[in-house]
Amino acid sequence: MTDKTAAGPTRRKPAKRKPAAKPAAQKPRRKRAKKTLGDDFLAAVRADFRAYGAGVIAQVRADKPDQYLKIVLSVLPKDFDAKINQMDGLSDDEIRSRIRALEAVVKPFLEEPGDVREDGISGAAGGA
């Protein structure tokens, strides 16, 4: 004779789920309270900064310039382009052509105009 328990575990059918009964009158979700601990904290920091912020920043800048620099860098966007001179990537010829184009635009304003009005304003600058 064979023993049923020795043959191995038997698989059971998964239990059928019953659909959840819908309550007759479903209560709307409770809205978030206007004030939370985080809101209170930020309000306190905001008030403290308004009262002492500029003075503390100046003091940190004078006493701990390394910490001041960290603060400045922390508020800059991550993709901030810190190029000071935008012409670093240009060749000498490109820079010369930009200078010539700028001279052509500015030259009329630098020359002595022939049509200066009595008040000393040229026709182009006077708007007429």
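Colleague: How many salt bridges does a search of the whole structure find?

Modeller: This is a predicted model, where local features need pLDDT of at least 70, side-chain atom pairs count only at pLDDT 80 or more, and totals for chains, interfaces and linings use all residues. Residues are numbered from 1 along each chain as its sequence is written, and side-chain values use heavy atoms, with hydrogens and water left out. A salt bridge is a side-chain nitrogen of Lys or Arg within 4 Å of a carboxyl oxygen of Asp or Glu. Searching the whole structure gives a count of 1.

Colleague: Which side chains meet in the salt bridge?

Modeller: Side chains of opposite charge can pair when their charged atoms come close. Here the N to O distance is 3.1 Å. Both residues lie in helix α3 (residues 92-110), 3 residues apart, about one turn of the helix; helices are DSSP runs of H or I, at least four residues, numbered from the N terminus. The pair is D93 and R96.

Colleague: Is D93 buried or exposed?

Modeller: Buried means under 20% relative accessible area, exposed over 50%, and partly exposed in between (1.4 Å probe, protein chains only). R96 has 42% relative accessibility, so R96 is partly exposed. D93 has a relative accessible area of 56%, so D93 is exposed.

Colleague: At what angle do helix α1 and α2 pack?

Modeller: Axes are lines fitted to C-alpha atoms, for helices over the stretch in contact, and angles run from 0 to 180 degrees between N-to-C directions. The axes of α1 (residues 37-63) and α2 are 5 Å apart. The angle between α1 and α2 is about 125°.

Colleague: What does that make α1 relative to α2?

Modeller: Angles under 35 degrees count as roughly parallel, over 145 as roughly antiparallel, 65 to 115 as roughly perpendicular and the rest as oblique. Therefore α1 is, relative to α2, oblique.

Colleague: Which residues of α2 make the contact?

Modeller: Contact means heavy atoms within 4.5 Å. From α1, the contact uses I57, V60, R61, A62 and D63. From α2, the contact uses P65, Q67, Y68 and I71.

Colleague: How far apart are the C-alpha atoms of I71 and R61?

Modeller: I71 is in helix α2, and I71 is partly exposed because its relative accessible area is 46%. Along the chain, I71 and R61 are 10 residues apart. Their C-alpha atoms are separated by 9.9 Å.

Colleague: What share of the 128 residues in the chain is buried?

Modeller: The chain has 4 helices and 0 strands, a strand being a DSSP run of E, at least two residues. Along the sequence the pattern is α-α-α-α. The buried share of the 128 residues is 2%.
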